[in-house]
Amino acid sequence: MLFRSEIYDLFDVSVFLRFINSDIYEEMKNAFANNRLYRERQFIITMPADRIIKDGDKEPILMQGIMDAYYEDDDGIVLIDYKSDIIKSMDELKDKYEIQLDIYKYTLEKLYKKEVKAFIYSTRFGKCIEIS
């Protein structure tokens with residue numbers, strides 16, 4: 001047994017099953033099979049302050065973080081960030097994390113020089129929402 005039995009009681013299997021039956025899981029699984037899936041990637045980058053701060057200036061600021069997952073496909077890069085927040089709607093999740101995903105997206109665009117599509121996967125709803 002990997003975990004004590006009381007840990008299993010806390011785990012909602014339906015969350016896991018929804019994810020492994022999702023389209024995004026299939027895409028990630030295919031990317032993994034082709035060595036094109038990257039998980040838990042750390043980064044440090046400078047970016048203009050006005051990219052993330054309303055009424056900010058062009059002064060560069062240093063950002064760092066860890067991206068949950070991204071993969072390469074024929075159209076570019078697909079970024080996935082998992083969220084387990086207890087929220088009322090996917091739009092609420094989007095509003096809350098849009099700036100974070102924009103930082104990740106900017107980083108990948110600079111690194112790969114490719115188009116990046118960013119998504120939040122909500123474990124609560126078992127769905128993805130695109131962040132533009």
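Residues are numbered from 1 along each chain as its sequence is written, and side-chain values use heavy atoms, with hydrogens and water left out. In this predicted model, local features need pLDDT of at least 70 and side-chain atom pairs count only at pLDDT 80 or more, whereas totals for chains, interfaces and linings use all residues.

Helices (H or I, at least four residues) and strands (E, at least two) are DSSP runs, numbered from the N terminus. Helix 4 spans residues 90-112 and comprises 23 residues, yet its end C-alpha atoms are only 28 Å apart, short of the 33 Å that a straight helix would reach. The expected span of a helix is taken as 1.5 Å times one less than its number of residues. A bend of about 55° occurs in helix 4 at Tyr 97, the bend being the angle between axes fitted to the seven residues ending there and the seven starting there.

Tyr 97 is also among the buried residues of helix 4, which include Met 90, Leu 93, Leu 101, Tyr 104 and Leu 108. Here, buried denotes under 20% relative accessible area, exposed over 50%, and partly exposed in between (1.4 Å probe, protein chains only). The cover over the buried residues of helix 4 includes strand 1 (37-48), strand 2 (60-73), strand 3 (76-83), strand 4 (116-122) and strand 5 (127-131).

A nonpolar core is a set of buried Ala, Val, Leu, Ile, Met, Phe, Trp, Tyr and Cys residues joined through side-chain atoms within 4.5 Å. The largest such core has 24 residues, and those with the most contacts inside it are Met 67, Tyr 70, Leu 79, Leu 101, Leu 108 and Ile 120. Two or more residues are given to this core by each of strand 1, strand 2, strand 3, helix 4, strand 4 and strand 5. Helix 4 gives the most, with 8 residues. Leaving aside neighbours within four places in sequence, Met 67 is in contact (heavy atoms within 4.5 Å) with residues including Phe 43, Leu 79, Tyr 104 and Leu 108. A second, separate core of 11 residues includes Met 28, Leu 37, Ala 69 and Tyr 71.

Positive phi angles were found at several positions. Glu 40, although not a glycine, has a positive phi of about 50°; Glu 40 lies in strand 1 and is exposed, at 51% relative accessible area. Lys 113, likewise not a glycine, has a positive phi of about 55° and is found in the loop between helix 4 and strand 4. In the hairpin of strand 4 and strand 5, with 4 residues between the strands, Gly 126 takes a positive phi near 65°. These two strands run antiparallel and are joined by 5 bridges, where pairing requires that DSSP find at least two bridges.

The structure holds 6 salt bridges, each defined as a side-chain nitrogen of Lys or Arg within 4 Å of a carboxyl oxygen of Asp or Glu. Glu 26 and Lys 29 meet in one of them (3.3 Å, N to O); because these residues are 3 apart in helix 3 (residues 23-33), about one helical turn separates them. Asp 50 pairs with Lys 58, the closest N and O atoms being 2.9 Å apart. In a further salt bridge, the closest N and O atoms of Glu 72 and Lys 114 are 3.3 Å apart. This pair links distant parts of the chain, 42 residues apart, with Glu 72 in strand 2 and Lys 114 in the loop between helix 4 and strand 4. Glu 72 is buried, at 15% relative accessible area, whereas Lys 114 is partly exposed, at 34%.
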